[in-house]
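Before reading on, please take a moment to look over the sequence and the model.

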Amino acid sequence: MKKYAVVTGASSGIGAEFAKRLAKEGYGLVLTARRGDRLKKIKKHVKTECEIITADLTKEIECYRLYHAVEDKPVAVWINNAGFGDCGKFKNGELQKEMDMLSVNVRAMHLLTKLALRKMERQKYGSILNVASCAGLMPAGPYMASYYATKSYVTSLTRAIAEELRSDGSPVYIGCLCPGPVDTEFNEVADVEFALKGISPSYCVRYALKKMKQRKKVIIPSLPVRLAMIFGRFLPEELYIRIAAHQQRRKKKL
Ligand SMILES: NC(=O)c1ccc[n+]([C@@H]2O[C@H](COP(=O)([O-])OP(=O)(O)OC[C@H]3O[C@@H](n4cnc5c(N)ncnc54)[C@H](OP(=O)(O)O)[C@@H]3O)[C@@H](O)[C@H]2O)c1
């Protein structure tokens, strides 16, 4: 029986790469994002069944529309990847952009995780990967405060669910992907420049899928970032936050 992979935010960057790689692994695809033209290009490129659902995940009703479209399909992989960031002082940030960020990065991810998890438990198989960020493993990110906070929600929620599933002996896997900089359109949308060199979306996704199959709960696809996260645990929190602030200021010359 053909199994399916759902990828949110599949129109560019990490999501588009997940789509291409999962197609190569033989999954049928269900791809979603707002830019349908981009999704159509990916559909042309992949040699597998591919359904496109153009949706704005800031809207709860659109999240349900996506779910209902796949409810009856055997979905083996669900990648909650859609998300974006913003940079600058919290007091100056555009409130509507931040509310939209909370809606996509937190609310849509939360809602779709619950619906996907219930469906996969009924199926008795399936893997959910929530794309967070190494920002979600750090105590706070001044000058990108809202984005860091949204990604902390993703890592906290995902790790808690993973423990519940382990304790229940559930066949369903859940994990979070926590990359450092990846070369995508993220910077353009967030209006920043990376302070550190980014990895390619292709490396990020290959690493993520390999670790997902090993059922790793927190996936960090680059050695320097893995080391930085380990080192960070030993830093006094205030110092850690100041270092994060310094890095963020360099991104936008604040
Ligand atoms: N690039 C990095 O350095 C980095 C590092 C750590 C984590 N991440 C995370 O990785 C994920 C993917 O980002 P990326 O780097 O690949 O950036 P990207 O190229 O800008 O891709 C973001 C994707 O999210 C979708 N999206 C944004 N708002 C949406 C909305 N309202 N409704 C539906 N889809 C929406 C976009 O599609 P449309 O615009 O077509 O709707 C796009 O497909 C994000 O969650 C991001 O936070 C990125």
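What follows is a set of questions and answers on this predicted model.

Q: What radius of gyration does the protein chain have, and what would a compact globule have?
A: The C-alpha atoms of the protein chain fill a box of roughly 50 × 40 × 30 Å along the principal axes, and buried residues make up 54% of the 254 residues. For a chain with 254 residues, a compact globule would have a radius of gyration near 18 Å, and the protein chain agrees with this, at 18 Å.

Q: How many helices and strands does the secondary structure of the protein chain come to?
A: Among the contacts with a separation of 6 or more, 65% are accounted for by residues 24 or more positions apart. The secondary structure of this protein chain comes to nine helices and seven strands.

Q: Why are the buried residues of helix 3 on the same side, and what arc do they cover?
A: In helix 3, which spans residues 60-70, the buried residues are Glu62, Cys63, Leu66, Tyr67 and Val70. What covers them includes strand 1 (4-8), strand 2 (28-33), strand 3 (50-54), strand 4 (75-80) and helix 4 (95-123). They lie on the same side of helix 3 because the arc that they cover around the axis is only 140 degrees.

Q: Are the planes of Tyr67 and Trp78 stacked, tilted or edge-to-face?
A: The count of aromatic pairs comes to three. In the pair of Tyr67 and Trp78, the ring centres are 6.4 Å apart and the planes are at 35 degrees, so the pair is tilted. This pair links distant parts of the chain, since Tyr67 is in helix 3 and Trp78, 11 residues apart from it, is in strand 4. Both Tyr67 and Trp78 are buried, and the word for the pair is tilted.

Q: How many disulfides does a search of the whole structure find?
A: A disulfide is a covalent bond between the sulfur atoms of two cysteines. For Cys87, which is buried at a relative accessible area of 8%, the closest cysteine sulfur is in Cys134 at 14 Å, which is too far for a bond. For Cys134, which is buried at 14%, the closest cysteine sulfur is in Cys178 at 7.7 Å, again too far for a bond. Over the whole structure, the number of disulfides that the search finds is zero.

Q: Which residues is Asn81 in contact with, leaving aside its neighbours within four places in sequence?
A: Asn81 has its place in the loop between strand 4 and helix 4, and it counts as buried because its relative accessibility is 10%, which is under the 20% limit. Leaving aside those neighbours, the residues in contact with Asn81 are Thr8, Gly9, Ile14, Gly15 and Val131.

Q: Is Lys124 buried or exposed?
A: Most residues other than glycine have a negative phi. Lys124 is not a glycine, yet its phi is positive, at about 75 degrees, and this residue lies in the loop between helix 4 and strand 5 (127-131). Its relative accessible area is 61%, and the cut-off for this class is over 50%, so Lys124 is exposed.

Q: What relative accessible area does Arg215 have?
A: Arg215 is another residue other than glycine with a positive phi, near 60 degrees. Arg215 is found in the loop between helix 7 (201-213) and strand 7 (218-219). Arg215 is partly exposed, and its relative accessible area is 41%.

Definitions and conventions: Residues are numbered from 1 along each chain as its sequence is written. This is a predicted model: local features need pLDDT of at least 70, side-chain atom pairs count only at pLDDT 80 or more; totals for chains, interfaces and linings use all residues. Side-chain values use heavy atoms; hydrogens and water are left out. Buried means under 20% relative accessible area, exposed over 50%, partly exposed in between (1.4 Å probe, protein chains only). Helices (H or I, at least four residues) and strands (E, at least two) are DSSP runs, numbered from the N terminus. The arc is that of the directions from the helix axis to the C-beta atoms. Contact means heavy atoms within 4.5 Å. A disulfide is a pair of cysteine sulfur atoms within 2.5 Å. The radius of gyration is taken over C-alpha atoms; the globule rule is 2.2 Å times the number of residues to the power 0.38. Rings of Phe, Tyr and Trp (its six-membered ring) pair if their centres lie within 6.5 Å; planes under 30 degrees apart count as stacked, over 60 as edge-to-face and the rest as tilted.
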